[in-house]
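Please have the sequence and the structure open before we start. I will go through a few parts of it in turn.

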Amino acid sequence: MARPLRRRASLSFLNGLKPLIFYVTLLLSLLCSAGTGREGIAEEELFLDILRDEAVDRIYQLGKVSDADNYLERTFLSPASMRAGNLIQKWMEDAGLKTWVDYMGNVHGRAGGVNATAEALLIGSHMDTVIDAGMFDGSLGIICAVSALKVLKVSGKLGKLSRPVEVIAFSDEEGVRFQTTFLGSAAMAGILPATALKITDKSGISVQDALLENSFEATEESFAKVKYDPDSVFGYVEVHIEQGPVLESLAYPLGVVKGIAGQTRLKVTVEGSQGHAGTVPMFMRRDPMVAASDLIVLLESLCKHPQNFLSYDEQYDGIPTESFAALVCTVGEISCWPSASNVIPGQVYFTVDIRAMDDTTREAIVLEFSHRVKEKCQSRRVNCTIEHKHNAKAAYCDKELSLQLQQAVHSTVSKTPWSIREDVPALMSGAGHDAMAISHLTKVGMLFVRCRGGVSHSPAEHVLDDDIWAAGLALLQFLEQNVLY
């Protein structure tokens, strides 16, 4: 038994060395290529100082811009969000970009190129975070884009762009403050209704109030100006951490995204009878906390074993059972009123997040859950309401943009003599991204970057410095291959 154990330990050790070996050999190969006549990137064009060292430093700087003292929290139009936007705008100007902030707080930086009136290539990600966040989610994509354009500036190529390139730091993607995602990118894509200005946060502050507090003109007219004309846009590219373990398992730093799962967010409110914990007999209680617990367990069972709940009549006919494999459901927030150890609460609410690659599957699960909630609440003699807070269809990336990104990644990693694998990984994303909203405006492409353990939305979120460099280098390759004269 000892030999297999030692062998597994040795394999584990070697797998751990793969990223280091990869980057050492890549660096040596790139350095040597300048003097051997081989096709490659010359030493002075590696730009490690910009694409790695400066990019990493900027990500860590943004990681310190928080509304909380002991963890990272930066929500839509919060004080920290405004400070982060100012910092990003300064970095965009350092890269030679013309900057402005639109009426939804999105920060823009644009290089006009040779033909300033041509359709623009947009590159972006979000600057807001979840609560107790990691520092790479969103920020990585913004910084990689700014860094790649800065390289073009210092190498004298920024003015040779065949079309305008615009970097955008979206003000809201996570939807933490107002419980509705993509406020920034959806407004730009023209799919966010003006009624969104009236949505309120937990403190009763509306989106409109938050805009006014930060000196934005918060009218329906100004809101409409955020929308881009589809005819003015060529496409959209987003660099983002994978937020999953696939790339790490393949020992590959980058991957191209095929599509993004559709998602639905619900708010379930359960109302019962508030009472004294010691005097109301168990059989007389209308306890919303117990009912809510029952509903949460129901949701878990429904999403783990949907085939046991969905009857394949005309209503659900045609749903492929293989589509259930990517179905995930989450209760991420729960609250009760009043909240005291000796009181039966009168009201409980919880949030539901349902995601699937197949929209028909997701819609069927939402419908089935809603039906079962009604039955459960009736049997427990409590009142239940379900609010639909967010709904986004699955988005699929453009094949041409994806191929171009794949070629850029391949040209970056293939310059090492030690090849990890021949094919660039192609992945589906279970997480939502601004690319989902922007897909209603133009064609989209995405590049995933490996993250340690697949961990995200956590302080433990981490991306290797050299993986950040690889992402910036691949984006630079993409621009040089497709947007330069």
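A contact here means that heavy atoms of two residues lie within 4.5 Å. With that in hand, take the contacts in this protein between residues at least 6 apart in sequence: 79% of them join residues at least 24 apart. What you are looking at is a predicted model. The protein has 485 residues, and 53% of them count as buried. Its secondary structure comes to 13 helices and 16 strands.

Now the disulfides. How many does the cut-off give? A pair of cysteine sulfur atoms has to be within 2.5 Å, and by this rule the count is two disulfides.

One of them joins Cys-303 to Cys-329, with an S to S distance of 1.8 Å. Where do these two cysteines sit? Cys-303 is in helix α9, residues 288–304, and Cys-329 is in strand β9, residues 328–330, so the bond ties together parts that are 26 residues apart in sequence. The torsion about the S-S bond is -80°, and the link of Cys-303 and Cys-329 is left-handed. Are they buried or exposed? Cys-303 has a relative accessible area of 10% and is buried. Cys-329, at 22% relative accessibility, is partly exposed. The line between the two classes is drawn at 20%, because buried means under that value.

In the other pair, Cys-377 is bonded to Cys-384, and the sulfur atoms are again 1.8 Å apart. The torsion about this S-S bond is about -80°, so the disulfide of Cys-377 and Cys-384 is left-handed. Cys-377 is buried at 3% relative accessibility, whereas Cys-384 is partly exposed at 23%. If you number the bonded cysteines in sequence order, the pairing reads 1-2, 3-4. One more cysteine to mention is Cys-451, which is buried with a relative accessible area of 1%.

Next, a helix. Please find α4, residues 139–154. What span should we expect from its 16 residues? At 1.5 Å a residue, α4 should span 22 Å, and its end C-alpha atoms are 22 Å apart, so the two values agree. The expected value comes from 1.5 Å times one less than the number of residues. Of the 16 residues of α4, 14 are buried, so by the 20% cut-off the helix is mostly covered. After α4 comes Gly-156, which has a positive phi, near 75°.

Helix α4 also has a partner. Two packed helices are described by the angle between their axes and the distance between the axes. The axes of α2, residues 48–63, and α4 come within 9 Å and cross at roughly 140°. That makes α2 oblique to α4, because an angle has to be over 145 degrees to count as roughly antiparallel. The crossing of α2 past α4 is right-handed. Which residues make the contact? On α2 they include Ile-50, Leu-51, Glu-54 and Arg-58, and on α4 they include Ile-143, Val-146, Ser-147 and Val-151. An α-helix has 3.6 residues a turn, so residues three or four places apart point the same way.

Last, a single residue. Ala-435 lies in helix α12, residues 434–438, and is buried, with a relative accessible area of 0%. What does Ala-435 touch, leaving aside its neighbours within four places in sequence? Its contacts are Tyr-236, Glu-238, Ile-260, Val-444 and Met-446. Gly-445 is ten residues from Ala-435 along the chain, and their C-alpha atoms are separated by 7.7 Å.

How values were computed
Residues are numbered from 1 along each chain as its sequence is written. This is a predicted model: local features need pLDDT of at least 70, side-chain atom pairs count only at pLDDT 80 or more; totals for chains, interfaces and linings use all residues. Side-chain values use heavy atoms; hydrogens and water are left out. Helices (H or I, at least four residues) and strands (E, at least two) are DSSP runs, numbered from the N terminus. Buried means under 20% relative accessible area, exposed over 50%, partly exposed in between (1.4 Å probe, protein chains only). Axes are lines fitted to C-alpha atoms, for helices over the stretch in contact, and angles run from 0 to 180 degrees between N-to-C directions. Angles under 35 degrees count as roughly parallel, over 145 as roughly antiparallel, 65 to 115 as roughly perpendicular and the rest as oblique. A crossing is left-handed if the near helix is turned anticlockwise from the far one by less than a right angle, and right-handed if clockwise.
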